[in-house]
Amino acid sequence: MPEKLAILPAFNEEGSIGRVIEEIREFDPGFEILVVDDGSLDRTAEIAAGHGAKVLRLPFNLGIGGAVQTGYRYALENGFQLAVQVDGDGQHDPAQLGVLLQPLLAGEADVVVGSRFAAGGKYAAGRSRRVGIRLFALLVSGLCRQRLTDTTSGFRAVNRRGIRLFAGDYPHDYPEVEAIVMAVRQRLRLREVPVSMRPRDTGHSSITALRSLYYVIKVTLAVLFALCRRSVVPLEEVEEQ
Amino acid sequence: MTPFRVSVFAVIASVLLLLVILELIRRRRLRERYSLLWLLTAVSMLVLSAWRGGLGSISDAVGISYPPSALFVLASLFIIGVLLHYSTVISRLSDQNTILAQRLALLEAELGESRREATPG
């Protein structure tokens with residue numbers, strides 16, 4: 001049983017999923033690659049299986065949060081010690097997984113987030129998106145008493161503690177920012193590392209202009225509530241039961 | 001002008017509604033996704049209950065001679081909105097439920113077949 005799992009949430013990513021799988025394998029063949037097909041209508045699942053990835057097909061679209069949590073459940077139940085989260089759209093460069101994994105392997109962090117803006121990171125995004133990303137970074141940095149620059153990044157790596165927490169509870173829609181606050185509130189050690197991201201290969205960002213207002217309100221509300229909410233208990237180790 | 005006692009009562013009711021909503025979210029009984037319309041309802045009711053002049057102007061503008069009735073109208077509109085929203089949510093849930101039941105039946109059939117194959121005789 002491999003120790004490390006790569007979770008690739010994918011929704012209609014037939015154009016890029018194959019390449020992402022190959023690039024992860026190129027970086028480190030020791031990863032088990034799990035594609036969570038979030039109700040795609042194209043050939044995503046078929047292509048992923050053709051590239052030798054394990055594929056979980058959700059019966060309908062759960063949204064990114066539900067898809068990612070499926071991956072963490074799989075990681076928990078199959079005894080993985082490390083899990084990385086890589087988007088199936090090719091935005092995250094698997095060659096940078098080394099940077100992401102380093103603090104986990106050194107035992108310095110439980111959750112590592114790849115940031116586009118930390119230390120010299122550059123990322124071409126529209127102005128309104130950049131402003132939004134900055135605002136959340138400020139809000140969450142204040143709440144977590146730790147300087148964070150990119151809370152919306154979905155390029156992440158977690159150890160067993162992180163897997164247990166996220167398998168037990170993971171936010172539903174637009175989960176990235178809230179998951180950070182959850183992790184900090186559970187006293188997991190969070191670390192941000194600089195990564196560069198590529199422009200998306202294919203498909204569209206799930207955040208359209210119409211939805212951005214809902215996005216901002218929902219995330220702000222969720223982040224504020226994450227602090228005073230009844231807290232979740234991370235799932236117990238399966239082996240211990 | 002809205003009678004003062006009506007305003008006080010309406011403010012208290014709106015604040016109570018708001019507190020109940022916030023507490024439900026905090027206890028994880030209500031997801032943010034389904035709370036937004038309720039929050040909008042509670043905040044609008046609170047604003048118009050407290051801002052007596054505003055409620056008066058709105059009533060005048062739409063031809064309602066007794067301003068507290070405008071509060072009733074507004075509340076009814078919000079209730080219609082929330083109910084419509086729930087109807088769409090229920091429709092989606094029942095679609096998904098159908099898909100789940102179908103997948104489960106297919107999986108059970110598959111599981112039964114592979115069990116029979118595994119235990120010959």
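**Ground rules**

I number residues from 1 along each chain as its sequence is written, and chains are lettered from A, ligands numbered from 1, in the order in which they are written. The model is predicted, so I take local features only at pLDDT of at least 70 and side-chain atom pairs only at pLDDT 80 or more, while totals for chains, interfaces and linings use all residues.

**Entry 1: the sheet of chain A**

I went for the strand order first. Chain A has an open sheet of seven strands, ordered S3-S2-S1-S4-S6-S5-S7, with mixed pairing. The edges are S3(A), residues 54–57, and S7(A), residues 190–194, each pairing on one side only. On average, neighbouring strands here are turned by 20 degrees against each other, direction ignored. For the record, strands (E, at least two residues) and helices (H or I, at least four) are DSSP runs numbered from the N terminus, and two strands pair if DSSP finds at least two bridges between them.

**Entry 2: walking across the strands**

I started at S3(A). S2(A), residues 31–37, pairs with S3(A) in the parallel sense over four bridges. I noted Leu34(A) with Lys54(A) as its bridge partner, and Val35(A) opposite Val55(A). The chain gets from S2(A) to S3(A) through helix H2(A), residues 44–50, in a right-handed β-α-β crossover. Right-handed here means that, with the strands pointing away from the viewer, the path from the first strand over the helix to the second runs clockwise.

Next came S1(A), residues 4–10, which runs parallel to S2(A) and is joined to it by seven bridges. Ala6(A) has Ile33(A) as its bridge partner. S1(A), helix H1(A) (residues 17–27) and S2(A) make a right-handed β-α-β unit too.

How buried is S2(A)? Six of its seven residues are buried, so S2(A) is largely enclosed by the rest of the structure. I call a residue buried if 20 or more other C-beta atoms lie within 10 Å of its own, exposed if 12 or fewer, and partly exposed in between, with C-beta atoms placed from the backbone.

**Entry 3: S4(A) and its neighbours**

S4(A) pairs with S1(A) in the parallel sense over four bridges, with Leu5(A) opposite Ala83(A). With S6(A) the pairing is antiparallel, again over four bridges, and Leu82(A) stands opposite Asn159(A). I checked the side chains of S4(A): Leu82(A) and Val84(A) point one way, Ala83(A) and Gln85(A) the other, and all are buried.

Helix H6(A), residues 160–168, packs on the sheet and touches S4(A), S5(A) and S6(A). Its direction makes about 100 degrees with that of S6(A). Axes are lines fitted to C-alpha atoms (for helices over the stretch in contact), and angles run from 0 to 180 degrees between N-to-C directions. Contact means C-beta atoms, placed from the backbone, within 7 Å.

**Entry 4: helices of chain B**

In chain B I looked at H2(B), residues 32–50, against H4(B), residues 67–118: they pack at an angle of about 175 degrees with axes 10 Å apart. That makes H2(B) roughly antiparallel to H4(B) (over 145 degrees; under 35 is roughly parallel, 65 to 115 roughly perpendicular, the rest oblique). Among the meeting residues are Leu37(B), Trp38(B) and Met45(B) from H2(B), and Leu71(B), Phe78(B) and His85(B) from H4(B). The contact residues divide into nine nonpolar, five polar and no charged. My classes: Ala, Val, Leu, Ile, Met, Phe, Trp, Tyr, Cys and Pro are nonpolar, Asp, Glu, Lys and Arg charged, the others, Gly among them, polar.

**Entry 5: where the chains meet**

Twelve residues from chain B and twelve from chain A make the contact. On the chain B side, H1(B) (4–26), H2(B) and H4(B) each give two or more residues, and H4(B) has the largest share with four. That side divides into four nonpolar, one polar and seven charged residues.

**Entry 6: two positive phi values**

Which residue in the loop between H5(A) and S6(A) did I flag? Arg145(A) is the one: its phi is positive, about 50 degrees, although it is not a glycine. It counts as exposed, with 7 C-beta neighbours inside 10 Å.

Arg28(B), in the loop between H1(B) and H2(B), has a positive phi of about 65 degrees and is not a glycine either. With 13 C-beta neighbours inside 10 Å, Arg28(B) counts as partly exposed.

Conventions. Two residues are in contact if their C-beta atoms, placed from the backbone, lie within 7 Å.
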